[in-house]
Every structure is written in C-alpha cells, then in structure tokens.
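Colleague: Please take a close look at one helix pair in this model. Then set that pair in the context of the rest of the chain.

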Amino acid sequence: MDIVIWIIALSLYALFWLWYCGVKGRLSKHEVEIFISSFEAKGLSERALLNIREFLEQDDGREFFMVNLLEIKSPKRESQTLLTGYFKKFMSGMIPRGGHPLFLAKAVAKNIENLNCEHADNWSSAGIIRYRSRRDFAQTVLKTFGSEHHADKLSSLEKTLAFPSTTTLLFGSPKIIIALVLGLAAAVTQVWLLL
C-alpha cells in the first residue's frame with residue numbers, strides 16, 4: 001500500500017509538470033516566421049515586430065515572466081472595471097497554458113527613483129505574469145490583439161510598459177510548492193494508514 005501512495009503522488013506531480021512546464025521545447029525557425037507573419041497582420045509597429053522577432057528567435061524553451069507597469073486613466077473606477085474584465089478574459093486563455101499571475105500590486109506613491117525617464121511616473125499598479133513558454137506567449141497574445149477585451153485594456157490605460165524577463169532568483173516556485181504539498185500529503189496518508 002505504501003508504494004501505491006507514492007506512485008499516486010508521483011503520477012499527480014507528473015501530470016502537473018506536463019501542464020505547467022509543457023513538452024514542446026524551443027520554437028523552430030519556421031514557427032517563428034509563422035508567428036511573425038501573424039503579428040504583421042495585426043498591424044503592429046515595426047519596432048514592436050523587431051522586438052517580438054528577437055524575443056522569439058532567442059527562445060530557450062523555458063518559462064519567462066512579463067513585468068508590467070500600468071497607469072490607469074481617470075475616472076479610475078471605470079477604468080479599473082474595464083481592466084479587471086480584460087484581465088479575467090486574458091487569464092482564461094493563459095491558465096490552460098500554465099500561465100498565471102506571480103505578483104500583483106497597487107502603487108502607493110510616485111517614483112522614489114527616476115533616472116532618465118521623466119514621463120515614467122504616476123504608475124497605478126504593477127504585475128508579473130508567468131508564461132510557460134514563448135510559444136504560449138505568441139499564441140495567447142495573437143488571440144488577444146484586436147479583440148474586444150484588448151480594446152477594453154487600451155481604453156483603461158493612460159500608459160503601460162511591459163517587458164519579458166527570466167529569473168535569476170525565485171522563491172516559492174509552484175514546481176517546488178506542489179512537490180512539497182504532494183510529498184507531505186503522501187507521507188501523512190502513509191502514517192495515517194499505519195495507525
């Protein structure tokens with residue numbers, strides 16, 4: 001019976017890993033070209049297309065985190081309602097792809113330090129969103145650009161800044177937390193059955 005408990009725990013973690021990490025690997029050159037053509041059709045600026053191309057071509061097949069700074073338009077209550085509606089719809093496409101918010105926060109003051117970014121103040125909130133891969137990013141964003149809920153986001157924001165990043169230090173990764181929770185559950189179940 002003990003071995004069955006641990007097989008179940010390991011099987012559950014394997015299923016979680018498949019969902020959370022995926023198995024597709026890096027983008028091929030062909031995939032990059034298909035995605036870039038799709039982004040071009042959405043009417044993105046030349047600068048945005050160059051940035052996206054560079055990001056996709058340098059794919060390492062691993063997760064990344066989009067850092068977002070947002071300044072909400074006045075009246076803030078109405079803009080926040082629009083932004084919340086957009087976020088819910090956007091995340092409904094992210095969660096099946098292993099994406100999720102890692103950090104969401106409201107600003108409590110203007111910039112404390114400002115170096116060569118005079119127009120980058122008055123932020124309303126910040127967020128960090130975890131993406132499983134650059135492939136998932138491209139698929140999700142292509143479905144979002146030009147949609148009604150994306151228009152709600154644009155209508156709600158005075159300005160925004162978003163850039164992708166990879167971690168050099170991350171405490172509390174779900175990959176570790178889920179492993180610990182399943183390991184603890186299996187150990188407690190094993191002890192309980194022995195009583």
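Modeller: The pair I would pick is H2 and H3, which cross in a right-handed sense; a crossing has that hand if the near helix is turned clockwise from the far one by less than a right angle, and is left-handed if anticlockwise. The model is predicted, so local features need pLDDT of at least 70 and side-chain atom pairs count only at pLDDT 80 or more, while totals for chains, interfaces and linings use all residues. Residues are numbered from 1 along each chain as its sequence is written, and side-chain values use heavy atoms, with hydrogens and water left out. Helices (H or I, at least four residues) and strands (E, at least two) are DSSP runs, numbered from the N terminus.

H2 covers residues 29–41 and H3 residues 46–57; their axes are 10 Å apart, at an angle of about 160°. Axes here are lines fitted to C-alpha atoms, for helices over the stretch in contact, and angles run from 0 to 180 degrees between N-to-C directions. The two helices are therefore roughly antiparallel, the term for angles over 145 degrees, whereas under 35 counts as roughly parallel, 65 to 115 as roughly perpendicular and the rest as oblique. On the H2 side the contact (heavy atoms within 4.5 Å) involves Val-32, Glu-33, Phe-35, Ile-36, Phe-39 and Glu-40, and on the H3 side Leu-49, Ile-52, Arg-53, Leu-56 and Glu-57. By class, that contact has 7 nonpolar, no polar and 4 charged residues. Nonpolar means Ala, Val, Leu, Ile, Met, Phe, Trp, Tyr, Cys and Pro; charged means Asp, Glu, Lys and Arg; the others, Gly among them, are polar.

H2 also has H5 as a neighbour: their axes come within 11 Å and cross at roughly 20°. That makes H2 roughly parallel to H5, and this crossing is left-handed. Glu-31, Phe-35, Ser-38 and Phe-39 of H2 meet Arg-135, Ala-138, Gln-139, Val-141 and Leu-142 of H5. Of these residues, 5 are nonpolar, 2 polar and 2 charged.

Arg-134 makes it with Asp-60, the closest N and O atoms being 4.0 Å apart. Arg-134 lies in H5 (residues 134–144) and Asp-60 in the loop between H3 and E1, so the pair ties together parts that are 74 residues apart in sequence. The whole structure has 10 salt bridges.

E1 (residues 64–72) and E3 (residues 125–131) pair over 7 bridges, with Asn-68 opposite Gly-127 in E3.

Terms used:
Two strands pair if DSSP finds at least two bridges between them. A salt bridge is a side-chain nitrogen of Lys or Arg within 4 Å of a carboxyl oxygen of Asp or Glu.
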